[in-house]
Amino acid sequence: MSAAPETRRMPRVERREQILDAATRAFARAGFSATNLDDVAAEAGITRVLLYRHFDSKTDMYRAVLERACTRLKDSAGDDDYDERSIPALLRAATADPDGFRLLFHHAAREPEFRDLVDTIVEDGVRTALRHIADLIPNPAWAKWAARMLHTVTIEAVIAWLDEGSPDPDDAADRIGLVVHGVLQAAGPAARES
C-alpha cells in the first residue's frame with residue numbers, strides 16, 4: 001500500500017490557488033477528458049479527498065481553471081484595445097501563464113462542454129478588432145473576415161511561439177505584427193489593385 005502524499009496545512013484561499021495551479025498544469029498536458037482527479041492531486045502533492053473540499057467535481061475545477069485563465073488574460077492583455085500595444089501585451093500574458101493560455105485556446109476550444117468561455121473571448125476579440133480596422137477596410141465582408149483572421153492568426157502565432165520555447169522574445173511581437181499586417185493588406189483595397 002502506498003502512503004498518501006504528506007500535506008501541510010494552508011489557509012483555504014492559498015490551498016485553492018495551489019490546486020488551481022496544479023490543475024492548470026495537469027489539464028494543459030492532456031486536456032479535460034484525458035486528465036483525472038488523481039492526476040491533479042498528484043500534481044498538487046495532495047490527496048484526492050482534499051480536492052473535494054475545494055471543488056464539487058472535475059468539471060467544477062476545470063471551469064474554475066478556465067475562468068481564472070480568462071481573468072488573467074484580460075488583466076494582462078486587456079479586452080477593449082487593438083493597437084500597437086496589443087500583441088506585446090498578449091505575449092506577456094501568454095508568457096506569464098502559458099498553461100492557462102494553452103488551455104483556453106487549444107484544449108477548451110475543442111471541448112464542447114467548455115467552448116462557451118472560449119467563444120466569448122473570440123467574439124469579443126473579433127468585435128474589438130473590427131471596431132479598430134473598419135476604417136482601413138471599407139468592404140464590410142472583408143473587414144469581418146480580417147477581424148476574425150487577425151484574432152485567429154495572432155492566437156495561433158502566440159501558441160506556436162510558446163511551443164517553440166518562446167524564441168527571441170524581444171522580436172516576437174514585431175514578427176507576429178508582420179503576420180497581422182499581411183492579413184490587413186490581404187483584406188484591404190490595395191489587395192484588389194495588385
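1. Let's start with the largest pocket: its lining residues divide into 16 nonpolar, 8 polar and 7 charged. Here Ala, Val, Leu, Ile, Met, Phe, Trp, Tyr, Cys and Pro count as nonpolar, Asp, Glu, Lys and Arg as charged, and the others, Gly among them, as polar. Of the 31 lining residues, Asp-81, Tyr-82, Ser-86, Ile-87 and Leu-90 lie nearest the centre. A pocket is an open set of points on a 1 Å grid over the protein atoms alone, where a 1.4 Å probe fits, with protein on both sides within 12 Å along at least five of seven lines; lining residues have an atom within 4 Å of a point.

2. A word on the source: this is a predicted model, where local features need pLDDT of at least 70 and side-chain atom pairs count only at pLDDT 80 or more, while totals for chains, interfaces and linings use all residues. Residues are numbered from 1 along each chain as its sequence is written, and side-chain values use heavy atoms, leaving out hydrogens and water.

3. Now for the salt bridges (a side-chain nitrogen of Lys or Arg within 4 Å of a carboxyl oxygen of Asp or Glu). The count comes to 11. In one of them, Asp-21 pairs with Arg-68, with the closest N and O atoms 2.9 Å apart. Glu-17 joins Asp-21 and Arg-68 in a network of salt bridges.

4. Glu-43 is worth a look too: Arg-25 meets Glu-43 in a salt bridge at 2.7 Å, N to O, and Arg-29 also forms a salt bridge with Glu-43, the closest N and O atoms being 2.7 Å apart.

5. Finally, Phe-101: leaving aside neighbours within four places in sequence, its contacts (heavy atoms within 4.5 Å) include Leu-73, Leu-90 and Ile-155.
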